[in-house]
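This report is meant to be read beside the sequence and the model.

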Amino acid sequence: MPDFLIAPSILSANFARLGAEVDTVLAAGADIVHFDVMDNHYVPNLTIGPMVCRALRHHGVTAPIDVHLMVTPVDELAIAFADAGASWISFHPEATHHVDRTLSLIRERGCKAGLVFNPATSLEAARYVMDKLDFILLMSVNPGFGGQKFIPSTLLKLREARRMIEESGLPIRLEVDGGVGAGNIRAVAEAGADTFVAGSAIFGAPSYAEVITAMREQLALAAGPA
Ligand code: DX5
Ligand code: ZN
């Protein structure tokens, strides 16, 4: 079985007690912390910056922090997040002028680098930089808000991305973000994803542990991508 990672998106957490929320969700069995950065420019919403990432590290969070940049321009903020303790940093290729350079500057700072594709965006931008990617993130909703419905065509796109990764022979993870929960995580895994972001499905539930356990039970039933 592939090594599946569950990445709760803190976008749906209670920001008034963020440190405790992150502690609770990690104790409930989450693997990594998904950290959504929105700039009210690339996406029509505004969230949190590097100071909050650093604050989580100072609070004692040691799990990987997976920073999803929905911002333009990208480079300066990517560097600021690397300095603030981010572990994974991803960005949308259309949000930067020089994708290859941005990927390199993330890796040079010791972070894992990822490209994020919106629902209608082709995977083409990944083709010539596969050797510079640690993960590919497919959006299964339009970026900007939590709590949206999973877009079903993502399943086809996941298969395509999985094929590209297999053909490259490189250890690139395949992450999915938006509308994922216990009800569809198995189908998403069977389409090729190995890393699952879930915001409202986890933070909107009374027991984070129950949801994460239900997700893992579904993942245990998943067959490999056909
Ligand atoms: C949307 C964000 C997601 C969001 C997912 O732009 O990138 O990470 O928090 O939330 P859910 O799981 O509620 O769709
Ligand atoms: Zn995200």
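How do the axes of helix H2 (residues 50-59) and helix H3 (residues 75-83) cross, and within what distance do they come? They come within 9 Å and cross at roughly 15 degrees. That makes H2 roughly parallel to H3.

This is a predicted model, in which local features need pLDDT of at least 70, side-chain atom pairs count only at pLDDT 80 or more, and totals for chains, interfaces and linings use all residues. Residues are numbered from 1 along each chain as its sequence is written, chains are lettered from A and ligands numbered from 1 in the order in which they are written, and side-chain values use heavy atoms, with hydrogens and water left out.

## Helix packing

Helices (H or I, at least four residues) and strands (E, at least two) are DSSP runs, numbered from the N terminus. Axes are lines fitted to C-alpha atoms, for helices over the stretch in contact, and angles run from 0 to 180 degrees between N-to-C directions. Angles under 35 degrees count as roughly parallel, over 145 as roughly antiparallel, 65 to 115 as roughly perpendicular and the rest as oblique. Contact means heavy atoms within 4.5 Å.

H3 also packs with helix H4 (residues 99-108), and that makes H3 roughly parallel to H4. The two pairs are listed here.

| Helix pair | Axes come within | Crossing angle |
|---|---|---|
| H2 and H3 | 9 Å | roughly 15 degrees |
| H3 and H4 | 10 Å | roughly 15 degrees |

On the H2 side, the contact with H3 is made by Pro50, Cys53 and Arg54, and on the H3 side by Leu77, Ala80, Phe81 and Asp83. Towards H4, H3 uses Asp75, Ala78 and Ile79, which meet Arg101, Thr102, Leu105 and Ile106.

Arg57 is also in helix H2. Not counting residues up to four places away in sequence, Arg57 touches Thr62, Ala63, Pro64, Ile65, Ala84, Gly85 and Ser87. Its relative accessibility is 22%, so Arg57 counts as partly exposed; buried means under 20% relative accessible area, exposed over 50%, and partly exposed in between (1.4 Å probe, protein chains only).

## The zinc site

Which residues coordinate the zinc ion (ligand 2)? They are His34 (NE2), Asp36 (OD), His68 (ND1) and Asp177 (OD), at 2.1 to 2.3 Å. Donors are N, O and S atoms within 2.8 Å of the metal (3.2 Å for Na, K and Ca); water is not among the atoms, so sites may look incomplete.

Along the chain, the donors follow the spacing H-x1-D-x31-H-x108-D. His68 lies in strand S3 (residues 65-70) and Asp177 in strand S7 (residues 173-177), so this pair ties together parts that are 109 residues apart in sequence. His68 is buried at 0% relative accessibility, and Asp177 is buried at 8%.

Thr72 and Pro73 are joined by a cis peptide bond, with omega at about -5 degrees. Pro73 is in the loop between S3 and H3.

Asn40 lies in the loop between strand S2 (33-38) and H2. Although Asn40 is not a glycine, it has a positive phi of about 60 degrees. Asn40 counts as exposed, at 52% relative accessibility.

Leu221 lies in helix H8 (residues 208-221). Leaving aside its neighbours within four places in sequence, Leu221 is in contact with Arg186 and Glu190.
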